[in-house]
Amino acid sequence: MSTTSGTAAVAGAVLILCASSARAATPAGPAAPELSSLTVAQRVLGPQGGDITAPVPAGKVTLEVPAEALREPADVRLTTADAAGVDDLLAGEGFTAQRTVAAVGLKAYTLAGDPLDRPFARPLTLTVTGRSLGAPVEQVVQLNLASPRMLPAQLEPGSVSILTDGQPDLAVIAPKGVALHPRPGQGAVAARVDADAASMDGRTRAATVTNTGGRIGRPPSLPRLLGAVALSAGTALAVVLLHRRRPLPRV
């Protein structure tokens, strides 16, 4: 090997080692967590606004878009994700004591198919409703960030709502091992109404069983009809006999 070739080889090796060291010394930037999602509703909305509603595993999700929130027509979509996948994602971020109750997302595209990359002009309301939602222990987490972040949410019996001017992927989470019950109020009233309805239904069935021959709007049975005819005929005959036996008045 010539001196020139040996010098070139050594120089190349040094450059490779320097490049490798530089890559190792440069920390990787934070990557937003990725989660497989499913589109459950899709609608083109414009500056006039509108609503979108779709079923999700926890119950139902509704998006309310006020007028002038969109500057131009947009393809707006609601998504959902598997709760187990969200649990794995959250566990990797340190949320090991929580479980996912519901997972929903909001996506918007231009009519050309490009992602809508600017905030909405007015806040949108995203609400998830279900019988087990709205418990005081629940929290809402935004997932499509470098690090999941808690969001303020409004908890009502049977519903969880947030206001947003962006396109978040959200998870409603609660502590593991905790049975979820909505706050006192609507839940108790609904339970009482259900109980009253069941009681009334039971009374109705009992009345149907004990009064099968006298229901309103039902024609009388043949035995009852014959009995009524016989009673009428007997009453008429008795009146005639009594009239014949009455003595005539004296002149």
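Reader: Why is Asp75 called buried?

Author: In this predicted model, Asp75 has a relative accessibility of 9%, and since buried means under 20%, Asp75 counts as buried.

Reader: What makes the pairing of Asp75 with Arg77 a salt bridge?

Author: The closest N and O atoms of the two residues are 2.9 Å apart, and because the limit for a salt bridge is 4 Å, the pair qualifies as a salt bridge. Arg77, at 24% relative accessibility, counts as partly exposed, because that class lies between 20% and 50%.

Reader: How do you know that Asp169 and Lys107 form a salt bridge, and what does this pair tie together?

Author: Their closest N and O atoms are 2.6 Å apart, which is within the 4 Å that the term requires. Asp169 belongs to strand β11 and Lys107 to strand β5, so the pair ties together parts that are 62 residues apart in sequence. Lys107 has a relative accessibility of 22% and therefore counts as partly exposed.

Reader: What makes β5 and β11 paired strands?

Author: Two strands pair if there are at least two bridges between them, and β5 and strand β11 (residues 169-175) have seven bridges, in the antiparallel sense; Gln98, for instance, stands opposite Pro175 in β11. Strand β4 (residues 74-81) is also joined to β5 (residues 98-109), here by six bridges, and these two strands run antiparallel, with Thr80 standing opposite Val104 in β5.

Reader: How many salt bridges does a search of the whole structure find, and what makes Arg118 and Glu72 one of them?

Author: The search finds three. The side chains of Arg118 and Glu72 meet at 3.7 Å, N to O, which is within the 4 Å limit. Arg118 lies in the loop between β5 and β6, while Glu72 lies in the loop between β3 (59-65) and β4, so this pair ties together parts that are 46 residues apart in sequence. Arg118, at 38% relative accessibility, counts as partly exposed, and Glu72, with a relative accessible area of 36%, is partly exposed.

Reader: How do you know that Glu138 has no salt bridge?

Author: The nearest side chain of opposite charge, that of Arg99, is 7.1 Å away, whereas a salt bridge needs a nitrogen within 4 Å of a carboxyl oxygen; Glu138 is therefore left without one, although it is buried. Glu138 lies in the loop between β6 (124-129) and β7 (139-142), and, not counting residues up to four places away in sequence, the residues that Glu138 touches include Val101, Leu133, Leu155, Val160 and Ile173.

Reader: Which residues touch the most other members of the largest nonpolar core, and which element gives the most to this core?

Author: Of the 35 residues in this core, Val61, Leu63, Leu70, Val76 and Leu126 touch the most other members. The elements that give two or more residues to this core include β3, β4 and β11, and β5 gives the most, with five residues. Apart from this core lies another, of ten residues, among them Ala81, Val86, Phe95 and Ala103.

Reader: How much of the chain counts as buried?

Author: Of the 251 residues, 27% count as buried, the cut-off being under 20% relative accessible area.

Conventions: Residues are numbered from 1 along each chain as its sequence is written. This is a predicted model: local features need pLDDT of at least 70, side-chain atom pairs count only at pLDDT 80 or more; totals for chains, interfaces and linings use all residues. Side-chain values use heavy atoms; hydrogens and water are left out. Helices (H or I, at least four residues) and strands (E, at least two) are DSSP runs, numbered from the N terminus. Buried means under 20% relative accessible area, exposed over 50%, partly exposed in between (1.4 Å probe, protein chains only). Lys and Arg count as positive and Asp and Glu as negative; His and the chain ends are not counted. Contact means heavy atoms within 4.5 Å. A nonpolar core is a set of buried Ala, Val, Leu, Ile, Met, Phe, Trp, Tyr and Cys residues joined through side-chain atoms within 4.5 Å.
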